[in-house]
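Here is a walk through one protein chain, written for someone who has not seen it before. The sequence and the model come next.

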Amino acid sequence: MPDQLRQRFDAPHAEDTACPFWFWNGDLDPAELLRQIEAMQSNGIRAFMIHARVGLTVPYLSETWFERVGLVLQAAADRGMKVWIYDEENWASGYAGGRVLAHDPNFIGQNLALERHYLADGGEWSAELSHPAGIVAIVATRIERVEPVPDDPLDFHRHARPAPAWSDLRAYHHHYAAEPPTPVPHDAGRVRWPVPPGHWCVMVARQQTTDWIAAYSDQPYVDLLNAGAVARFIAVTHAEYHRRFAGFFGTTVLGFFIDEPGLYNNFWDRNVASIAWTHDLADEIRRRRGVDLDTWFPALWEDLGPTTAQQRFAYWLTIAELLHERCFAPLAQWCEQHGVALAGHLHWEEWLFTMTRNSANPFTALAPFHVPGVDKIDEVRDKLAEKLVASVAHAHRRPRVMSESFALVGWKLAPALMKRIIDYQYVRGVNWLACHGFYYSIEGFRRYECPPSEFDQNPWWPHSRPLWEYVARLSAVLTQGEHVAPVALYYPIEHAWATLTPTSPPPAPPQGLWERWQLPRPLAPVDQADHALIDIGLALLEAQYDFDLVDWTVLRAAPDAGLLTIAAERFAIVVVPPMRAIHGATLHRLLQHAAAGGTVLFAGDLPADTLAESAPVEWPAVAARLAGHAMPAELAHGAGRIIRVPDGSAAVPHVLARHHRPDLELDFGEDAARMLEREENRAGSRRETIIRPLRSVVRYQRRRTAHEDCYFVVNESAEQFEAALHLVGGGHIEWWEPHTGARHRLPSRKIGPDRHQVVLTFGPWQSYVLILSAHGSGAATSPTEQVVWRRSLSHWQVTVGDQHWQDALESWHLRGLARYSGTGRYTTTFERTAALHAGQRLVLDLGRVFETAQVTVNGIALPPLAWAPFTVDISAAVQLGINQLDIVVANTNANAFEGFERPGGLLGPVVLTLVRG
């Protein structure tokens with residue numbers, strides 16, 4: 001095996017280590033800044049991100065600010081550490097703490113609002129409209145049919161109401177005529193218009209400023225579709241850093257981080273029912289698309305017939321292009337020209353409709369980013385956000401995918417939970433961790449601002465080094481080579497463009513839209529597609545079919561030999577979720593892929609409309625044949641096949657298994673029929689019972705270098721089991737432990753022309769890094785060990801804070817220390833009457849620990865223990881005769897700061913085991 005992968009694992013680079021947001025939220029005392037840099041480095045963290053945060057007393061971007069930046073850059077350079085610069089004061093990025101708008105108030109965000117006037121039965125309408133300077137256009141749209149909303153027979157509070165007017169949308173459905181709107185002339189807002197017979201809605205499109213205010217600020221947000229606003233942001237932020245610190249760029253300073261830039265109209269309670277706009281948008285749509293929005297803008301709100309989807313597509317495509325050309329591409333180009341990288345993430349990646357409203361299309365918005373990212377600021381697991389951003393990175397050959405992690409989890413966060421969150425993200429494609437965050441200060445209100453701090457304010461900080469070493473080595477390995485997956489899952493962005501309106505679905509609520517059950521499933525087509533996309537993605541992962549998401553912008557290369565190529569990825573299977581509208585070029589590419597020998601699977605309803613280009617001539621016949629089956633159906637198409645699964649997500653991987661094996665297969669032996677039952681919150685207070693096979697808890701990511709296959713395999717459950725893994729790759733299989741750096745050769749056997757089997761035992765939430773190669777790295781085979789004897793330890797002396805007791809190993813909160821956060825010390829002795837023989841080890845198992853521990857034997861401190869299993873080899877520290885054992889256990893700040901009676905301490909049982917191997 002070539003040494004490159006092993007050397008990177010043995011000695012990760014500084015940029016592989018966790019890179020915390022270092023919240024500068026206090027007085028920035030120079031001595032304290034240097035102390036905190038030293039604290040990070042001494043615990044294995046060799047990179048950080050400077051982030052101005054609420055509580056900062058030094059004026060942002062002032063000379064004092066830059067003096068502090070210069071101080072820490074020099075300190076980092078002296079230590080070989082790496083620095084990223086967060087480009088804003090608090091968030092969202094782009095307004096430079098108000099400096100962009102101070103330069104030109106016209107750079108404020110813009111949106112287009114709709115004002116409606118309902119008219120009927122002829123006559124003349126006269127009006128003097130308010131704010132005439134903002135009026136973009138006025139048109140009249142004919143309402144072809146008005147239907148009463150049926151009474152709800154289950155409304156048991158029904159009472160008599162006055163007959164509503166036909167224009168009351170709570171009482172009537174309006175069906176608009178499929179015809180071009182009629183322009184209504186006006187003079188500075190004064191209108192005199194003869195109303196034709198019938199029902200009409202006169203729609204006034206008015207450009208207005210966006211009311212969104214940046215966080216912890218009184219400053220409005222800016223217009224990212226305005227090239228001048230973005231240029232000013234670069235001039236007062238990035239260029240000012242470069243003017244002062246150019247010598248650090250590309251060496252110590254690796255780049256800039258942009259956080260949650262986006263289109264903030266129609267968000268929460270701000271500018272509800274509006275759409276994103278900029279001063280020249282109508283001209284750009286006319287020039288680029290040939291669409292006159294001065295006439296057709298009502299189609300963005302209402303269905304005006306067959307051309308509606310095309311009008312919306314034209315609008316959103318232009319928005320996506322302008323956001324790319326005027327915002328993200330200039331930022332990335334500036335960074336490239338100055339020797340640094342652009343990293344960051346968009347706003348609200350979790351859902352299709354939030355992604356569309358805020359960023360138009362993630363595949364075009366993130367394309368210029370050198371390090372595209374995502375945030376993980378909740379504990380919800382039924383999402384595809386990490387897969388989405390990793391897929392964009394793969395499509396544009398970006399080796400790193402970052403995650404801003406841990407915000408809003410609260411002070412209960414500890415290394416065991418952090419590792420679970422890290423594994424969840426890394427197995428889905430993330431390979432660079434930005435902790436949110438390391439607080440300069442947690443004084444006063446700061447401790448409750450997006451907690452927790454993962455820094456040295458936490459009791460468990462002294463025990464956390466194994467976590468940071470785990471992150472560094474895992475990042476080092478999973479950055480190498482290329483991702484390999486058999487399935488491309490289509491991301492239905494054009495369906496969102498064609499069906500999304502400013503009123504449906506409603507804006508995201510200010511309390512946060514975190515769970516899938518909060519999405520209005522029955523109402524909006526975009527949310528129905530989102531549910532289906534997530535369900536299919538989860539079903540694929542549960543069946544060990546890894547995938548990348550793709551959209552029409554990256555489906556460019558012609559299929560070859562049944563494989564669809566996107567950058568370095570080659571997909572045998574394309575799965576298309578239910579979509580009402582699809583890009584015509586996508587349909588052409590899908591049919592070509594099937595004809596070349598690939599598999600295309602349509603799940604649910606087939607696309608009825610094509611956008612931008614016409615459908616392939618053979619598509620109507622193919623669609624008709626597929627639609628004629630109530631059960632999964634398969635059609636031969638050229639050398640390949642086209643499949644349709646009419647309903648449900650679980651059948652998708654089941655049908656695929658007839659033709660394609662996943663790269664990792666699981667054999668549980670006697671446990672093969674074991675099923676897992678759990679209750680999940682699926683609709684607020686209502687819970688559902690979910691039943692899955694045991695294999696559903698295993699996730700993996702496969703990466704391929706020139707000489708090795710790397711599998712990161714994760715048990716995403718508290719279950720324990722043994723499984724035989726059948727893996728594609730070379731015959732030498734090694735297990736590399738990221739938290740210790742150890743490497744072990746595992747017994748394996750060949751079970752097919754390209755597959756080898758290895759048997760692994762999975763503990764709760766356990767992960768494995770497996771390296772498969774033709775030659776191996778020379779790692780020794782793990783010995784098979786036998787237990788010689790076990791002995792439980794007792795007679796404990798316990799000190800927690802100023803409290804003392806004997807013997808009992810129980811949670812601190814049961815001892816009346818419900819609000820205690822800190823450490824406790826457990827002391828006992830044990831006797832060793834005989835020396836250890838060759839091949840013998842003495843292992844100490846602490847049992848249950850909340851949350852971390854460090855063991856000292858006879859004054860020799862052993863490596864800290866950050867998550868289960870809490871076992872440590874004490875052989876080298878043990879002596880003949882009486883041995884002194886000290887265990888320091890740390891809990892979290894949740895008890896003291898948040899008032900939760902969370903368990904803490906050493907619960908045991910503590911067992912000493914002699915093993916022979």
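The paragraphs below go from the whole chain to a single sheet and then to one pair of its strands.

The model is predicted. Its chain has 917 residues, and a compact globule with that number of residues would have a radius of gyration near 29 Å; the chain has 30 Å, so the two agree. Along the principal axes, the C-alpha atoms fill a box of roughly 110 × 70 × 65 Å.

How much of the chain is buried? Of the 917 residues, 60% count as buried, meaning under 20% relative accessible area.

The secondary structure of the chain consists of 20 helices and 50 strands. Six of the strands form an open sheet in the order 17-31-32-38-34-35, and their pairing is antiparallel. At the edges of this sheet lie strand 17 (482-484) and strand 35 (743-746), each of which pairs on one side only. From one strand to the next, the twist averages 30 degrees.

Strand 32 covers residues 708-715 and strand 38 covers residues 767-773. Seven bridges link these two strands in the antiparallel sense. Which residue of strand 38 is the bridge partner of C710? The partner is I771.

Technical notes: Residues numbered from 1 in each chain as written. Predicted model: local features only at pLDDT ≥ 70, side-chain atom pairs only at ≥ 80, totals over all residues. Heavy atoms only, no water. Pairing = 2+ DSSP bridges. Helix = DSSP H or I, 4+ residues; strand = E, 2+ residues; numbered from the N terminus. Axes fitted to C-alpha atoms, helices over the stretch in contact; angles between N-to-C directions. Rg over C-alpha atoms; globule rule 2.2 N^0.38 Å. Buried < 20%, exposed > 50% of the residue type's maximum accessible area, 1.4 Å probe, protein only.
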